[in-house]
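Let's take a walk through a protein together, going from its overall layout down to single atoms. Have the sequence and the 3D view ready as you read.

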Amino acid sequence: MADVDPAPAPLTERLSAVLGAEHVLTDPVLMEQYVVDWSRRWRGDALAVVRPGTTDEVAEVLRLCHDARVPVVPQGGNTGLVGGSVPPPQGPDAVLPVVLSTRRLDHLGEIDHLAGQVTVGAGATLGDVRRHAAAADWTYGVDLAARDSATIGGTVATNAGGIHVVAFGMTRVQVVGVEAVLPDGTVVSHLAGMLKDNTGYDLGSLLCGSEGTLGVITAVRLRLHRPVGRTTVALIGAQSYAEAIALMSTALAPGTRLVAAEVVDEQGMDLAARVNGSSWPLERRHPLVVLLEVADGGDASGLVGLDDADVVVGLDANEQARIWAFRESQGEAFSSLGVTHKLDVSVPLPALAACCDELRDIVGAIDSVDAFGVFGHLADGNIHVEMHGPEAEDLSPDLAVLECVARYGGSISAEHGVGRAKASELHLCRSAAEITAMRALKAAWDPLGLMNPGVLFETAVF
Ligand SMILES: Cc1cc2nc3c(=O)[nH]c(=O)nc-3n(C[C@H](O)[C@H](O)[C@H](O)COP(=O)(O)OP(=O)(O)OC[C@H]3O[C@@H](n4cnc5c(N)ncnc54)[C@H](O)[C@@H]3O)c2cc1C
């Protein structure tokens, strides 16, 4: 009798053989935290959650999923706010995707003091990398409120911004090299850290902002900076967005360096005070509050022209943390109301005040919205709009905001990415020619369309 090939083992068994059963989760209770996002607005279904611990294991997982034609959703800290880090809900006949968590790839390499660089695993948290750099008298240029959950891989995959973009730039400019696994399991690694290296396409740059659609980032070589030294943090009352923007230049003494400039509105301040258990920090109430951080040698001389202003200044770390808490807890404060629509947009600085004013009018007129905030990274022209009230699935309030931003020549995503949330609106700020070029790249890297399908491009690519 001829030998009959045995049926191949189910994918989860083959994944368990590679990773160990404890790193292949199929129990819905254990998978819950990986299939629901931070905002609780986006949730989906998965075949399994896998947790590889090395680049070789990531490569083997992708090879097995590729052979089985099973989609993969890469996930870092799951703090992304555009539905890109979790799978979408699946129909009864759909092929369920695998969520690949990078959290075990958390290696922190030795600091290279000569180059001012470090290589870290994609699953290391931003907070761990920042502490690792600080312990060696360096600083990593990117920082954001989700620092203790967001991973380096996630911040590279979304080209994260954060609170120090005005001083150090976005994530892309911190990345000197990347190691990644392509959808078929091929490893591409370029981590030598040479600043001068003009040898063709910069694959790391392409992976930056790719939102898990081209491959899985497994390690990153990062540029570090010397710390800015002691800073002054000030919270200043403002009557309008135009006044807030003007403060960024008029309040800075000559020779000082702006390290951060943020704006929070009155409702956001009240919510933050409630969440943090603090009280309104200025003498009077104002429609807006501007937070400025300047590197000035450690005294208040970095700020000028504020004699008549309602202002509170923080010089030591505790005072500064108390002031920053009002800005840093905005996301959490709005989420404390329930599921909120969180939009992240940018407009050219000359249009910022008018756009913010119009956004307030537009959002304020939406019947289903019962609370909202228009705040953000002032110096970067980056506005966050939070809306509470509309159903999670109701996309019309989001569209109203994005269309307004497009009218001002802005971007529908300043830093969070496009994800699933804005995939159908990409055309508002990228031309048909640009989208065609992006789709061609996606088709070349991921011909089977297995990497994070539905993210960035709404419809199937092919
Ligand atoms: C309170 C709060 C404050 C925030 N503030 C800011 C801010 O100031 N600036 C800002 O830019 N963002 C901010 N964010 C959003 C979020 O923290 C960033 O987008 C962050 O970069 C996501 O990192 P993550 O590890 O959580 O990625 P995830 O949420 O897990 O994933 C985000 C995207 O990256 C992909 N991805 C993740 N890891 C990899 C990998 N290793 N390889 C390939 N693809 C991968 C995922 O598929 C997904 O598309 C904030 C979020 C919260 C909750």
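## Domains, a helix and a ligand

The centres of domain 1 and domain 3, taken over C-alpha atoms, are 42 Å apart. Keep in mind that you are looking at a predicted model. The domain assignment of the protein chain places domain 1 at residues 11-101 and domain 3 at 231-327. It also gives domain 2 (117-223) and domain 4 (337-417).

Now find helix 14, which runs over residues 432-445. This helix has 14 residues, and from its first C-alpha to its last it reaches 20 Å, close to the 20 Å expected at 1.5 Å a residue. Which of its residues are buried? They are Ile435, Lys442 and Trp445. Looking down the axis of helix 14, you would find its buried residues within an arc of 90°, so they line one face of the helix. Helix 7 (203-207) is part of what covers these buried residues.

Next comes the ligand. How many residues surround it? There are 35, and the closest are Pro74, Gly76, Thr79, Gly80 and Thr151.

| Residue | Protein atom | Distance to a ligand oxygen atom |
|---|---|---|
| Glycine 76 | polar backbone atom | 2.7 Å |
| Glycine 77 | polar backbone atom | 2.8 Å |
| Histidine 377 | N or O atom in the side chain | 3.4 Å |

Glycine 76 in the table is the Gly76 listed among the closest residues.

Terms used: Residues numbered from 1 in each chain as written. Predicted model: local features only at pLDDT ≥ 70, side-chain atom pairs only at ≥ 80, totals over all residues. Heavy atoms only, no water. Domains from an automatic or database assignment. Helix = DSSP H or I, 4+ residues; strand = E, 2+ residues; numbered from the N terminus. Expected span 1.5 Å × (residues − 1). Buried < 20%, exposed > 50% of the residue type's maximum accessible area, 1.4 Å probe, protein only. Arc of directions from axis to C-beta. Contact = heavy atoms within 4.5 Å. Near = heavy atom within 4 Å. Polar contact = N/O pair within 3.5 Å; in protein donor to acceptor, adjacent residues only side chain to side chain.
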